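Welcome! Take a look at the model first, then try each task before reading on.

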Amino acid sequence: MKKYILSLLVTTTLSYAGLVNAIALVINDMPITLYDIEVKMQNNNITKQEAVERLIDETLYNQELKNKNITVDIFDIDNHIKKLADQNNMNTLDFKSLVRQQQNYDLFTQQIKQKLLHQKLIAKIARGKIKLASEEDMKMYFENNKEQYKLADTIDVIAYISKDKKLLNELKTNPMMQNNKIMMQSITLKQSELTPQVKYILNSTNTKEFSVIFAQNKNYNMFFVIDKKDIKISQYNNVKDQIFSTLMKKREQNYLKEYFETLKITANIQILK
């Protein structure tokens with residue numbers, strides 16, 4: 001009896017393995033299994049049809065990167081990080097330190113890699129085919145989207161300082177917590193007087209929220225933003241480059257969407273299961 005049950009279990013397991021590893025479709029000679037589809041469905045909480053469509057899009061995208069010999073190395077990533085640091089008036093070391101305090105740094109660099117691969121692909125397939133945003137285009141976008149370029153001149157905060165980072169994390173989940181190892185002070189900060197690091201943190205923190213925890217002067221620091229006052233709209237010339245990037249990104253995305261829709265039509269896609 002035991003041998004029979006064991007045999008039944010093994011047979012069932014092998015049958016299931018064969019099912020999930022069965023090839024469901026082939027995209028230009030690249031097989032996609034039922035297991036691939038199942039994982040995509042569960043990880044993204046989507047239907048089978050949606051999972052299949054995403055897998056087709058991702059496979060065609062990766063195949064196009066390979067066909068056009070597009071790669072990103074550590075030097076590309078470091079150069080991009082330096083540009084991000086420069087944009088925030090920070091040196092690269094401080095910027096990296098700030099990122100590490102906010103999120104997983106390896107994940108951050110992986111996201112940069114994907115972004116750079118995307119940019120290189122667009123540059124290769126869309127060079128000379130996308131119309132550059134004109135001065136008129138940028139001014140029109142600015143006039144219609146001024147809300148995006150508002151900045152508070154003064155910010156009311158509660159500043160928290162501690163030697164123990166864990167205590168500040170606990171405070172985030174329990175704002176009523178009191179501990180003599182945490183110094184706190186209500187202060188009003190002027191945008192013009194902030195260091196680049198603090199400016200970056202506060203401008204990316206919403207009202208009535210805690211900021212990320214960051215290291216400064218051998219202590220851990222955190223803000224709770226009470227209010228942002230004296231809201232002013234940035235001058236057009238100060239955000240002109242940002243607007244250009246926004247418009248070009250939208251045009252690139254539209255072009256890329258059309259490009260891959262055409263690629264999907266011409267691709268050799270075989271549905272097997």
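Helices (H or I, at least four residues) and strands (E, at least two) are DSSP runs, numbered from the N terminus. The model is a predicted one, in which local features need pLDDT of at least 70 and side-chain atom pairs count only at pLDDT 80 or more, while totals for chains, interfaces and linings use all residues. Residues are numbered from 1 along each chain as its sequence is written, and side-chain values use heavy atoms, with hydrogens and water left out.

**Exercise 1.** Find out how many helices and strands the protein has, and how its radius of gyration relates to the globule rule.

*Solution.* Start by counting: the protein has ten helices and seven strands. Finally, the box filled by the C-alpha atoms is roughly 70 × 65 × 35 Å along the principal axes.

**Exercise 2.** Locate Lys208 and Asp29, and work out what sets their phi angles apart from the general rule.

*Solution.* First, the rule: most residues other than glycine have a negative phi. Lys208, in the loop between H9 and S5, has a positive phi of about 70° although it is not a glycine. Asp29 also lies in a loop, between strand S1 (23-27) and strand S2 (30-33), and its phi is positive too, about 75°. Now check accessibility, where buried means under 20% relative accessible area, exposed over 50%, and partly exposed in between (1.4 Å probe, protein chains only). Lys208 is exposed at 54%, and Asp29 is exposed at 68%.

**Exercise 3.** Identify the buried residues of H5 and what covers them.

*Solution.* In H5, the buried residues are Phe95, Leu98, Val99 and Gln101. They cover an arc of only 160° around the axis (taken from the directions from the helix axis to the C-beta atoms), which puts them on the same side of H5. Then look for contacts, meaning heavy atoms within 4.5 Å. The cover includes helix H4 (74-87), H6, helix H9 (196-203) and strand S5 (214-216).

**Exercise 4.** Classify two aromatic pairs, Phe95 with Phe108 and Tyr255 with Tyr259.

*Solution.* Rings of Phe, Tyr and Trp (its six-membered ring) pair if their centres lie within 6.5 Å; planes under 30 degrees apart count as stacked, over 60 as edge-to-face and the rest as tilted. The structure holds eleven such pairs. Phe95 and Phe108 are 6.5 Å apart, centre to centre, with 55° between the planes, and the pair is tilted. Phe95 belongs to helix H5 (residues 92-102) and Phe108 to helix H6 (residues 105-126), so the pair ties together parts that are 13 residues apart in sequence. Both are buried: Phe95 has a relative accessible area of 3%, and Phe108 has 11%. The rings of Tyr255 and Tyr259 have centres 6.5 Å apart and planes at 25°, so this pair is stacked. Tyr255 and Tyr259 are four residues apart in helix H10 (residues 236-266), about one helical turn. Tyr259 is partly exposed, at 21%. To finish, Tyr61, Tyr255, Tyr259 and Phe260 form one aromatic cluster.

Terms used. Rg over C-alpha atoms; globule rule 2.2 N^0.38 Å.
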